[in-house]
Amino acid sequence: MKVSVVECSQGRIEHAPVLEALDRDGAVVLRGAFTREAVDFVAAQADRWLENPAIAGAPGYWKIDHPKKLLDPCVIGGPVYELIVGERILEVAEAFLGSECLLAECNLKHDAPVGYGYFPLHTDFFVGWRKKEGTLPELDAATLRRPVALGGAIYLHDTREGAFSYCLGTHKREVPPGWQDVGNLPADVRREVEATKVRIEGLKGDIVLFDDRGYHGPDLPMPVSRTVILVDYYSAAVFGRRIVTPYSIWSTDLGRLSSRQMRALGAGAETWGDAWNSLHAKFRRSPFYRTIVMAVENAYLHRHLRARLRAMVGR
Ligand SMILES: O=C(O)CCC(=O)C(=O)O
Ligand SMILES: [Fe+2]
């Protein structure tokens, strides 16, 4: 079993083979959808941002568990928009969804080789899905008979081990509440689903587009590290104009965005959450958070004490 690779380095992306593969398999690889310069720039900047964590406003990655480092790709700026809201990709997404779309979620993710699995094969949607307790919409079986969103994994280096994996054809299954993770499926269903799993190997700059109603996840355990940008375009017809958490967009990048790209990034949209309760804020719950806060608050204490002492002795 193999996933179709659609070459699209020239002109408009041919929609027919992309939409056919998405309908049949639930996943497709677009090769050459981005310029080499944009991909190289983003990959190099990602390496720099992934060197150190964000502390006291010093730029860096976000930490939410041991295996991963996360980043809002927008902080990379400039050419990153060609990757996450490229006009040609938005066109494909909107043709697939039959609706305007919004980039509801977007993360740059670095997974380290930890030697165990930590993220099971899962679907992103299921019957009864809500983004958060008490929020709308709630997805029902009828709505989920058609695509509701288009996920994407953009490879920032050639990727084999650890590649994004997809269970081909599973986007056509109804996923009842509780069946989101493959580990919760009855044994026979699980076997059936896992038998369709394909590791989608790809080249630097490829984007794997996938119908996120189907079972998918990273190929774990990973023997090597892997860096991807994960995008998720939600149908405005299904979810309304909503994104999960606002992005940190530099003011100097605003001028390079078209009105369609601005809309996809959530200009004027509602959000399901804010920065205070986003995924990126999870570190606040770490037992080390208070210790680091204390270290930050006292980082310049020695200078302060020296200045006070001088003031007291009148020098
Ligand atoms: O890391 C991956 O390959 C998949 C990520 C994913 O499925 C998700 O974040 O929902
Ligand atoms: Fe997912």
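**Strands, sheets and a ligand shell in a predicted model**

In this predicted model, strand β3 (residues 68-71) and strand β4 (residues 101-111) are joined by 4 bridges in the antiparallel sense.

User: Which residue of β4 stands opposite Lys68?
Analyst: β3 and β4 pair in the antiparallel sense. Lys68 is on the uncovered face of β3, together with Leu70, while Lys69 and Leu71 make up the covered face. In β4, the residue opposite Lys68 is Asp111.

User: In what order do the 7 strands of the open sheet with mixed pairing run?
Analyst: The edge strands of this sheet are β1 and β3, each of which pairs on one side only. On average, neighbouring strands are turned by 25° against each other, direction ignored. Across the sheet the order is β1-β2-β8-β5-β10-β4-β3.

User: Which residue of β8 is the bridge partner of Ala27?
Analyst: Ala27 belongs to strand β2 (residues 27-31), which pairs with strand β8 (residues 207-211) over 4 bridges. The sense of this pairing is antiparallel. The partner of Ala27 in β8 is Phe210.

User: What angle does the direction of helix α1 make with that of β2?
Analyst: Helix α1 (residues 15-24) packs on the sheet and touches β1, β2 and β8. Relative to the direction of β2, the direction of the helix makes an angle of about 150°.

User: Why is strand β5 described as largely enclosed by the rest of the structure?
Analyst: Ala149, Gly151, Ala153 and Tyr155 point one way from β5, and Leu150, Gly152 and Ile154 point the other way. Residues on both sides are buried. Strand β5 (residues 149-155) is therefore largely enclosed, the number of its residues that are buried being 7 of the 7.

User: Which residue of β10 stands opposite Ala153?
Analyst: β5 is joined to strand β10 (residues 226-235) by 7 bridges, and the two run antiparallel. Ala153 is one of the buried residues of β5. Ala153 also belongs to the surroundings of ligand 1, as does the residue asked for. That residue of β10 is Leu230.

User: Which residue of β8 is the bridge partner of Gly152?
Analyst: β5 is joined to β8 by 5 bridges, again with the strands running antiparallel. Gly152 points to the side of β5 that Leu150 and Ile154 also point to. Its bridge partner in β8 is Leu209.

User: Which residue of β9 is the bridge partner of Tyr166?
Analyst: Strand β6 (residues 164-167) and β9 are joined by 3 bridges and run antiparallel. In β9, Tyr166 has as its bridge partner His216.

User: Which strand gives the largest share of the shell around ligand 1?
Analyst: The ligand is surrounded by Lys109, Asp124, Ala153, Phe164, His216, Gly217, Pro218 and Leu230. By class these are 4 nonpolar, 2 polar and 2 charged residues. The largest share is 3 residues, and residues 216-218 are those of strand β9.

User: Is Val3 buried or exposed?
Analyst: Val3 is found in the segment before β1 (5-7). Leaving aside residues up to four places away in sequence, Val3 touches Asp25, Ala27, Val28, Val29, Val198 and Ile200. Within 10 Å there are 21 other C-beta atoms, and the threshold is 20 or more, so Val3 counts as buried.

User: What distance separates the C-alpha atoms of Val3 and Leu22?
Analyst: The two residues are 19 residues apart along the chain. Their C-alpha atoms are separated by 9.6 Å.

User: How is Met262 classed by the count of other C-beta atoms within 10 Å?
Analyst: Met262 lies in helix α7 (residues 259-264). Not counting residues up to four places away in sequence, Met262 touches Leu257 and Ala267. There are 14 other C-beta atoms within 10 Å, so Met262 is partly exposed.

User: How far apart do the C-alpha centres of domain 1 and domain 2 lie?
Analyst: The protein is divided into domain 1 (5-277) and domain 2 (286-315). The distance between their C-alpha centres is 42 Å.

Terms used
Residues numbered from 1 in each chain as written. Chains lettered and ligands numbered in written order. Predicted model: local features only at pLDDT ≥ 70, side-chain atom pairs only at ≥ 80, totals over all residues. Domains from an automatic or database assignment. Near = placed C-beta within 6 Å. Nonpolar A, V, L, I, M, F, W, Y, C, P; charged D, E, K, R; others polar. Buried ≥ 20, exposed ≤ 12 C-beta atoms within 10 Å, placed from the backbone. Pairing = 2+ DSSP bridges. Contact = placed C-beta atoms within 7 Å. Axes fitted to C-alpha atoms, helices over the stretch in contact; angles between N-to-C directions.
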